[in-house]
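Take a look at the model below. The paragraphs after it start from a single residue and then widen to a whole chain.

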Amino acid sequence: MTRTFAVSLTIPDNEAFTAFETLGRLGIDTSRVLRSDIWIFEGDLDAELAATIGSIETIHNPNKHRLTERQADLPEPGEVWVAPRDEAPATLVAGRALPGVRAILRRTAWRLLDDQGRDVAPAVLDRAVETFLCNPAFQVAIT
Amino acid sequence: MSDVASPRVAVVVFPGTNSEDETVRALRAVGLDGELVHWSAPEALARFDAYVLPGGFAYEDRIRAGAVAAHDLVMDPVIEAAQAGKLVLGICNGAQILAEAGLVPGTGPLRRPTAAFAPNASGRFVSVHVHVKLNVAPDRVPILGGIEDRAVIPAWASHGDGRLAAPADELARIERDGHLAFIYCDRDGNPVPAPSGAALDCAGLVNREGNVLAIMPHAERDGWTFQHLDASRDAARGDTAATLAPSGGIRLFEHFAAAVRKRVPA
């Protein structure tokens, strides 16, 4: 069984803003950059998993994060996930084991919006990935 | 003390750099005029004879270690200088920036990295005293003038992202074509595993021309006798001058200084 969660900031996301600034310098036309941390849990998962990870503040601090469960362990349309190419799944979170969790995978989700708040064209997102968001020497982009 | 007659070396400071002062101190100890240049003043860089990108966490390592800095405007003149044959040394975060900028190993287009200093295999930050050994012929590293074959230099490895990572064919190219400038070793020069889990036990990469060197461990943090973890530190105890004397990792900077002087008219 697999369950996938996205954690995004509800306060200004400095990393996303830095990405936006750098992409602008590279001539990539976007008006807003959104970033989320993706957590994929595999195992015989507890029904209370969402509540459990929602209480681990290294994953989700309710004062500044929004935690949402995804319906699939794949990017949503308009989104790209960047993952380590040779990732060794973790089994612990903040030094502790979670009930039934055998493997934890992490990705960074990026989404680029235009000035109308729509996803940029796939070619623009591809260019952002190739020029900046993903280092193919050790990362892979998943769309 | 700065000497106006000395070759001028820019130590490039990004938001988040944290090793600039000790780097300047090491450069001045070997007779170079090290000077801080902030990221907001790229126009100031052209007048320098050589460049050092020091350690730290440029732009908080946002996106990836070195990635944002590699695309910063201040890197444009550094890249131009490297392409013109000037010497560029990157230490730790500076090494990560050089890899992200495509200057090392330098086997692909600029700013399209073919290798990276990726997160350590352990997932943890390491801070350990190490030795690194020259792994290529001295004539492959003209940036280190007069360095002896298989030279062993003490330093501190202090990084969370020091693991050389690249596709298998690129790793083979790095090894085959003499880009693997330094590997980790013990004090006697015997190879040891990289604390980062780096491929090839890599501690440093050099470009094809040998004028750009990216080295992960901080030689400038083992630049003075009191920083050594060996008998020389104990032997100097009680002798202020000996304790504060340049030694150990300062040799890396001495060789860098020799190379800079060779390229700068007196």
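Is Ala19(A) buried or exposed? Ala19(A) counts as buried because it has 26 C-beta neighbours inside 10 Å; the term requires 20 or more other C-beta atoms within 10 Å of a residue's own, while 12 or fewer make a residue exposed and counts in between partly exposed, with C-beta atoms placed from the backbone. This is a predicted model, in which local features need pLDDT of at least 70 and side-chain atom pairs count only at pLDDT 80 or more, while totals for chains, interfaces and linings use all residues. Residues are numbered from 1 along each chain as its sequence is written, and chains are lettered from A and ligands numbered from 1 in the order in which they are written.

Ala19(A) sits in helix α1 of chain A, residues 14-25. Helices (DSSP runs of H or I, at least four residues) and strands (E, at least two) are numbered from the N terminus. Apart from neighbours within four places in sequence, Ala19(A) is in contact with Val33(A), Arg35(A) and Ile63(B), where contact means C-beta atoms, placed from the backbone, within 7 Å.

Ile63(B) belongs to the other chain named in that list. In total, 16 residues of chain B are in contact with 11 residues of chain A. On the chain B side, the elements giving two or more residues are α2 (67-70) and β5 (116-118).

Chain B itself has 8 helices and 11 strands. Its C-alpha atoms fill a box of roughly 50 × 40 × 35 Å along the principal axes. Of the 266 residues in chain B, 57% are buried.

How values were computed:
Two residues are in contact if their C-beta atoms, placed from the backbone, lie within 7 Å.
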